[in-house]
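Here is a short briefing to read alongside the model. Take a look at the chain first, and then we can walk through it together.

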Amino acid sequence: MKSRDAKFVMGIDFGSTTSKTVILDRAGNMVASSIAHKGSVSNDGARISMAEALTKAGITEKDIARAVSTGYGRRMLDIADKSYTEITCHARGAVHLVPDARLVIDIGGQDSKVIAVDANGLVEQFAMNDRCAAGTGKFLEALARAVNVQLEEMGPMAMTATETLSISNMCATFAETEVVALLAEGKPKHDVLGAVHAAIASRTVGLVARVGKREPCVMTGGVAKNVAAVHHIEAALGIKLHLPPDPQIAGALGAALFALDEISAPTEADDDDVIDAGMKDAACGTPTCTATPKPVATEQVISGPVRA
């Protein structure tokens, strides 16, 4: 049982490929963060991330007053008092890192999302690609293997491209076939990788078009650490992207901020999915906005925190 008199709160982003943990004190200062890579939706990764953050902060679990989880595995964490969707937490964390942000581009291991936020940092609209690996970290991993380069080498190598090539298919499997074909034609690896990153930018522009381009725009997620991805997205959108010092922790930070809110003004506990009053469930089980018949699982429209 956590004590509400404890001095710290924790946010955990239990992601598809990495787990991130952020610990804040009651003044909202970040005292520790940790990122653990342990494979797909790994309990080990979540445990390691939390343990590392607690060690860095010099505290134990008993010092945590409230814990909030987010991410793919958010419902798998016993330590969490409540869980919120990735959309809500990434928006909250990104706006905390870049207070005047009005658009958030987050490209993670398994999905990519674009979130429009208002002046209060609340979600106005979002577009999300979570049905396939197109344009995500998994997409990059697959093509890194095809080109036979290390993932961290892809960005710098792509920046040296001299010829403009094209990857027409965003499906990871078919894109890999195109990459192999280009290499078989004798095209240099750096030019092929330039085309790969241009394809990611094209996919991202499509998501931005669904919610509308706004500035300032902040980019979060692991792909934000890829220099070529950032370069091509900036060129395709014609805007400058704001990059937080550690773009991978935005979701965990947002979760920790919600935990901080709740020890100040606790809300009703809920273990089941809770959708805002402006949403309803469609017959297919996909959340739908009351203002439009379109499903919003991969498109729009949400206002305010969405808990899950």
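A disulfide is a pair of cysteine sulfur atoms within 2.5 Å, and the structure holds zero of them. This is a predicted model, in which local features need pLDDT of at least 70, side-chain atom pairs count only at pLDDT 80 or more, and totals for chains, interfaces and linings use all residues. Residues are numbered from 1 along each chain as its sequence is written, and side-chain values use heavy atoms, with hydrogens and water left out.

**Cysteines**
- Cys89 is buried at a relative accessible area of 0%, where buried means under 20%, exposed over 50% and partly exposed in between (1.4 Å probe, protein chains only).
- Cys217 is buried too, with 1% relative accessibility.

**Helix H4**
- Helices (H or I, at least four residues) and strands (E, at least two) are DSSP runs, numbered from the N terminus.
- Helix H4 covers residues 151-158, and Met154, Gly155 and Ala158 are buried in it.
- These buried residues line one face of H4, because they fall within an arc of 85 degrees seen down its axis; the arc is that of the directions from the helix axis to the C-beta atoms.
- Their packing partners are helix H3 (137-147), helix H6 (189-211) and helix H7 (227-237), with contact meaning heavy atoms within 4.5 Å.

- Strands S7 (residues 112-117) and S8 run antiparallel and are joined by six bridges; two strands pair if DSSP finds at least two bridges between them.
- Val114 has Ala127 of S8 as its bridge partner.
- Five residues lie between the two strands of this hairpin, and Gly121 in the turn has a positive phi of about 80 degrees.
- Strand S8 (residues 123-129) has six of its seven residues buried, so the rest of the structure largely encloses it.
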